[in-house]
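Hi,

Here is the structure I promised to pass on.

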Amino acid sequence: MTDQILIFDTTLRDGEQSPGCSMNLEEKLRVAAQLEALGVDIIEAGFAIASDGDFEAVQAVAQQCQRAVVASLARAARADIERAAAALKVAKRPRIHTFIATSPLHMKVKLNKSPEQVLESIRESVSLARNLVDDVEWSAEDATRSEPEFLARAIETAIRAGARTINLPDTVGYATPETYGAMFRDMIARVSNADLAIFSTHCHNDLGLGVANTLAAVAAGARQVESTINGIGERAGNAAVEEIAMALKVRHDVLPWRTGIVSTEITRASRLISAVTGMHVQPNKAIVGANAFAHESGIHQDGMLKDSSTYEIMTPESVGQSHSSLVLGKHSGRAAFKDKLESLGYQLSDNEFQDAFQRFKALADAKKQVFDEDIVALVDDEVLRG
Ligand code: KIV
Ligand code: ZN
C-alpha cells in the first residue's frame, strides 16, 4: 500500500458552510490559487446546485485550476449530479462527489427512506455520475453512526457502480481515534471490492478530535484526507489541513506517510482564509496561531536563545513564518530583556541594565504585554535620568 496521502481540501465547500464565512467569486479564486500553491491534490470548489453563485464559483475554479482535481458536491439526485457535471465541464480533472446518509437516524428522519431504497439511490446516483465523469467519489454521510453491516453493503454498491473514492465522514464529530480507525480497518477488510477504491477520511471537530481521528484512519488504511485551512467548517469545524500535514512531517518517525503539502505556504494560506472569511484564528491554535512560535517565560526564552529546539519542535520558517518571537512580559528574564535591548540598538552598563530590568519588571506587572515602544521609553528615560 502506498505511503502517499492525498489531500482533499474542502475549505471552499464545507469550510464555507461555517456561519459567517461565505466568500465571493474573486475571493474563492484567490483561495483556489493558494490551495494549488499549497500543494493540495483535490479542491472541492462548492456545491453547484446550492445557488447560481456556487455554480459560477465551481465553474470558475474549474477553469482556473491547472494541476489539482476540482470537485463539486452533489446529493444523490439527478438534478444535483447533472448540475455538478455542467459546472465541471471546463475542468481539466473533474470529480463529482456524491453522498447520501447511511445511518438509521438519518435514513429514517431526514430521508424517509428504507435501507434498500438508500442502496438503490447509491446505485443510481453513482452510475449517473460515472456516465458524466470518470472520477466519482461517494460519501456515506453519518458513517460513524451507521450499522457496520449496512455500511459495508452501501460501500460495495457504490464501488460496483463506479465510485473510486469512498469517503466515510464523521459528520457530527462523534468518533474517537479508536472507533474511527476500527471502522476503516473493518470496512477495508469486510468489503469484497475494497481494493478498487481509495478510502477517505472526513472529520468534524465537535469533540476536538478531528485531526486525531484523521490520523487514526490513515493508520488503518485511508489514503485520502478531507480537511480545511484553519479547520473552518460546520459547527466546531473540520480537521485542519495544516495540523495533519505538519503532524505527518514532524512525526514521520511514528506516522510514516507523506503528503504533497508545501509546508512553507501554510501561513500564507491561513492568513488568506482569515482575511477573506473574517474569521480570526485563535492565538493558541496549533501551527498558525499568533502564539504558535511565541515564548514568554524566562526559562523558555533563555532556552530559545541558546538553541531553539529546546522549546520548538518545528521551525517557524518551515510553515512560512519569518521567525519566532520572544514576547516580553512579567515571566520574562534577564536573557530575553538583554536580547531585546541589543536588537533595539542599546548597549547599557551593568548598573544601567540592572535598573532598567527592575523598571521593566514593574511595568510588566502592570501591563499584560510590554512592547518595543515601552522598552524604548523606559531605557531612554533611564539614560536621561542617568
Ligand atoms: O460531514 C459530512 O458528512 C459532509 C459530507 C457531505 C461529505 O460534509
Ligand atoms: Zn462535512
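A residue is called buried if 20 or more other C-beta atoms, placed from the backbone, lie within 10 Å of its own, exposed if 12 or fewer do, and partly exposed in between. R67 is exposed, because it has 12 other C-beta atoms within 10 Å. R67 sits in the loop between α2 and β3 (69-75), and its C-alpha is 8.0 Å from that of R93, 26 residues apart along the chain.

Before the rest, some background. This is a predicted model, where local features need pLDDT of at least 70, side-chain atom pairs count only at pLDDT 80 or more, and totals for chains, interfaces and linings use all residues. Residues are numbered from 1 along each chain as its sequence is written, with chains lettered from A and ligands numbered from 1 in the order in which they are written. Helices (H or I, at least four residues) and strands (E, at least two) are DSSP runs, numbered from the N terminus.

Now for α7, residues 177-190. Its buried residues are Y180, G181, M183, F184 and M187. The buried residues pack against α6 (148-160), β6 (165-170), β7 (198-203) and α8 (210-219), where contact means C-beta atoms, placed from the backbone, within 7 Å.

Happy to chat once you've had a look.

Key:
Expected span 1.5 Å × (residues − 1). Contact = placed C-beta atoms within 7 Å.
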